[in-house]
Amino acid sequence: MASAPVADPESLAARARLAEIADEYPFASNYLQVDAGGLHYLDEGSKRAAPIVCVHGNPTWSFLFRRIVRAFRDTHRVVAPDHIGCGLSDKPQRWSYRLSDHIDNLERLVLALDLRDITLVVHDWGGAIGMGMARRHPDRIARLVIANTAAFPSHRMPMRIRVCRTPIVGRFLVRRLNAFAGLAPRMALADPARLSAAARRGLLLPYDNYANRVAIDAFVADIPMSARHPSHATLVEIDRSLSLFHDRPALIVWGERDFCFTPHFRALWQARFPAARVVPIADAGHFVFEEAPEIVERELRRFLADTASP
């Protein structure tokens, strides 16, 4: 029998430092063993309640959804995984980090927990990963909550991200100088002053050295900007599958001052889900969950009430 992957020591160190952010992130840790190692996830609320599954992107982790967890765990089962390489999950240095592999891991978690009647909340790369999982199990998805993300090909990319994809130089910037995760608390908010020191510390906690930024670099490299890219076909298939969910209630919450997922992307989602409830937030950026948590919570609570199953 093959031996199970060993937990990455840097991930273990990050878990040990959770005391630093205990006030912001007071949740029990859970782990699912996948091929690449230990997949960390939050699982709060009654196991009998309808699940809310929150899927993060790059360079965040389940910490981004901490307010949703707290706000809804009394009425729902809130599940928020950390992708392999992110958050408190293991960070193997020689794994593929392809879109399809992240989808595989999320699918394994959903099936392992046997989650049904899912409210799927997606942000950033979580759009492609979450909808990639949903495409495989549309019967498990009850409703969609879409925030500053994409699940379809696009040729739009900010110059600052293009620079981070530059061979050799990009990796040096992202992993050695921390020019992606380290600058995100400033660049991903319309007003960086809104982010507390504790929140900034929590967002950056898992990404404090070269090795721990492996997934951040890999996510940037995995953006399929041409049909030749290994993840392009996967993204096209996900886009085509979105029509499977036209009959599901959808809520689009959008930080309008996002430098990356601009209102152009919101409009593309609206074209795909014309019946969706749309909440543009004029003074929020990419980290809409950090800048407008009260609005997000209010709209999500209203959305869940209006679309509750009989």
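The structure is a predicted model, in which local features are reported only at pLDDT of at least 70 and side-chain atom pairs only at pLDDT 80 or more, whereas totals for chains, interfaces and linings use all residues. Residues are numbered from 1 along each chain as its sequence is written, and side-chain values use heavy atoms, with hydrogens and water left out. The mean pLDDT, which is the predictor's confidence in each residue on a scale from 0 to 100, is 93 for the protein chain, and 95% of the residues reach 70 or more. Over residues 1-6, however, the pLDDT is below 50, and beyond near neighbours in sequence this stretch has five contacts in the model, a contact being heavy atoms within 4.5 Å. Where pLDDT is low, the predicted coordinates should not be read in detail.

Helices (DSSP runs of H or I, at least four residues) and strands (DSSP runs of E, at least two) are numbered from the N terminus. Eight strands form an open sheet with mixed pairing, in the order β1-β2-β4-β3-β5-β6-β7-β8, where two strands are taken to pair if DSSP finds at least two bridges between them. The edge strands, each of which pairs on one side only, are β1 (30-34) and β8, and the twist from one strand to the next averages 20°. Strands of a sheet pair through backbone hydrogen bonds, either parallel or antiparallel, and both arrangements can be followed here in individual pairs. Strands β1 and β2 run antiparallel and are joined by five bridges; a hairpin connects them through two residues, and Y31 stands opposite H40 in β2. Strand β3 (residues 51-55) and strand β4 (residues 77-81), by contrast, run parallel and are joined by three bridges, with P51 standing opposite R77 in β4.

Helix α3 lies across β1, β2 (37-44), β3, β4 and β5 (118-124), and runs at about 120° to β1. Helix α13 lies across β3, β5, β6 (141-149), β7 (250-255) and β8, and runs at about 175° to β8.

Helix α9 (residues 214-221) is largely enclosed by the rest of the structure, because seven of its eight residues are buried. The buried residues of α9 are V214, A215, I216, D217, A218, F219 and V220, and their cover includes α3 (99-113), α4 (126-136), α5 (159-164) and α6 (169-176).

A salt bridge is counted where a side-chain nitrogen of Lys or Arg lies within 4 Å of a carboxyl oxygen of Asp or Glu, and by this rule the count comes to 23 salt bridges. One of the pairs is R277 with D306, whose closest N and O atoms are 2.6 Å apart. Because R277 lies in strand β8 (residues 277-281) and D306 in helix α13 (residues 293-306), this pair ties together parts that are 29 residues apart in sequence. R277 is partly exposed at 28% relative accessibility, whereas D306 is exposed at 51%. The side chains of R194 and D191 also meet in a salt bridge (4.0 Å, N to O); R194 is partly exposed, with a relative accessible area of 35%, and D191 is partly exposed at 33%. In the salt bridge between R298 and E299 the closest N and O atoms are 3.1 Å apart, with R298 partly exposed at 44% and E299 buried at 6%. Elsewhere, salt bridges that share partners join E24, R66, R67 and E290 into one network.

A search of the whole structure finds zero disulfides, a disulfide being a pair of cysteine sulfur atoms within 2.5 Å. C54 is in no disulfide, and the nearest cysteine sulfur, that of C86, is 15 Å away; C54 is buried, with a relative accessible area of 0%. C86 is likewise in no disulfide and counts as buried, at 1% relative accessibility.

Terms used
Buried < 20%, exposed > 50% of the residue type's maximum accessible area, 1.4 Å probe, protein only. Axes fitted to C-alpha atoms, helices over the stretch in contact; angles between N-to-C directions.
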